Each structure stands twice: as structure tokens, then as C-alpha cells.
Amino acid sequence: MIDKRRLKLDNLLRDTLGSTQVYYQPPASVQMEYPCIRYNMAKVPVDYADDRAYFIRAKYIVTYITTEPDDPMKETLVETLCTPVIQIYAADGLYHYVYEVYY
């Protein structure tokens, strides 16, 4: 079954980035092109009422990866996703900006 909410998030990320370089849970064998967005599902919180699930919204970890330390996309993603950057780090000449997104 295809998760329609995840596909909406995927489309939002592609539109915001202006590129198809958006990767969902890529295996290590995938050669990513930069700048890009990599994201994965972290958990699926569920609220219950009357012993039934009534609100389900997945939490995703979205990482923007770029070769530019002052890339303005990091702010654009905050404006688009309405979440602050939770972690910033550099590795192998790449800058990583990590966000938590409920979608």
C-alpha cells in the first residue's frame, strides 16, 4: 500500500528543492547527487480515543545535504516545513541540516 501522505511530503520536498534529488530511505549503494534531501520515517505516533486510532501522523527526519556552507535552502526548508533545524554537522566536505517533520 502506498502512503499518500509520504508521497505528498516527497512532492513538497521536490518542489521546495526545485529538483528530483530527493531520496527516501536510500540504501548505502545509492550514489546521491548534491545538493539533495534525504529523509526517512522515524516513527508513527497515534492518538487514541474510545480505543480507536483517531489521529495518525508520521514523524520524518529530513536532512538537507549541500556542498555550500551558506546555502539559503536551509532557511527555505524551515519556512516550508515550519520546523527548526535540530542538528547541523559537516562530514566529508558536505554540510548536513537535519529537521524533524510531522506530516
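The following questions and answers go through a predicted model of one chain, from its overall make-up to single residues. Residues are numbered from 1 along each chain as its sequence is written, and side-chain values use heavy atoms, with hydrogens and water left out. Because the model is predicted, local features need pLDDT of at least 70 and side-chain atom pairs count only at pLDDT 80 or more, whereas totals for chains, interfaces and linings use all residues.

Q: What percentage of the residues in the chain is buried?
A: The C-alpha atoms fill a box of roughly 50 × 30 × 25 Å along the principal axes, and the chain exposes about 6700 Å², of which carbon and sulfur atoms supply 50%; such areas come from the Shrake-Rupley method with a 1.4 Å probe, and for residues only the protein chains shown count as cover. A residue is called buried under 20% relative accessible area, exposed over 50% and partly exposed in between (1.4 Å probe, protein chains only). Of the 103 residues in the chain, the buried share is 33%.

Q: How far apart do the centres of the positive and negative side chains lie?
A: Lys and Arg count as positive and Asp and Glu as negative, while His and the chain ends are not counted. Each charge is placed at NZ of Lys, CZ of Arg, CG of Asp or CD of Glu. With 11 positive and 14 negative side chains, the centres of the two sets are separated by 9 Å.

Q: Which residues do ring pairs link into a cluster?
A: Rings of Phe, Tyr and Trp (its six-membered ring) pair if their centres lie within 6.5 Å, and planes under 30 degrees apart count as stacked, over 60 as edge-to-face and the rest as tilted. By this rule there are 3 aromatic pairs. The cluster that ring pairs form consists of Y24, Y39 and Y60.

Q: Why is the pair of Y24 and Y39 classed as it is?
A: Y24 belongs to strand β1 (residues 22-24) and Y39 to strand β2 (residues 36-43), so that the pair links distant parts of the chain, 15 residues apart. Their C-alpha atoms are separated by 5.1 Å. Because the ring centres are 5.0 Å apart and the planes stand at 45 degrees, the pair is tilted.

Q: Is Y39 buried or exposed?
A: Leaving aside neighbours within four places in sequence, Y39 is in contact (heavy atoms within 4.5 Å) with residues including R6, L9, L13, V22, Y60 and V62. Y24, which is also in contact with Y39, counts as partly exposed at 27% relative accessibility. For Y39 the relative accessible area is 0%, so Y39 is buried.

Q: Which peptide bond is cis?
A: Most residues other than glycine have a negative phi, and most peptide bonds are trans. P35 is placed in the loop between β1 and β2. With omega near 0 degrees, the cis bond is the one from Y34 to P35.

Q: What is the phi of Q25?
A: Q25 lies in the loop between β1 and β2, and at 41% relative accessibility Q25 counts as partly exposed. Although Q25 is not a glycine, its phi is positive, at about 45 degrees.

Q: How many disulfides does the structure hold?
A: A disulfide is defined here as a pair of cysteine sulfur atoms within 2.5 Å. C36 is buried at 0% relative accessibility, whereas C82 is exposed at 66%. C82 is found in the loop between α2 (73-81) and β6 (85-91), and has a positive phi near 60 degrees. The number of disulfides in the structure is 0.

Q: Which residues does M32 touch, not counting those up to four places away in sequence?
A: M32 is located in the loop between β1 and β2, and counts as buried at 12% relative accessibility. The C-alpha atoms of M32 and V22, 10 residues apart along the chain, are separated by 8.8 Å. The residues touched by M32 are Y23, P26, R38 and I65.

Technical notes. Helices (H or I, at least four residues) and strands (E, at least two) are DSSP runs, numbered from the N terminus.
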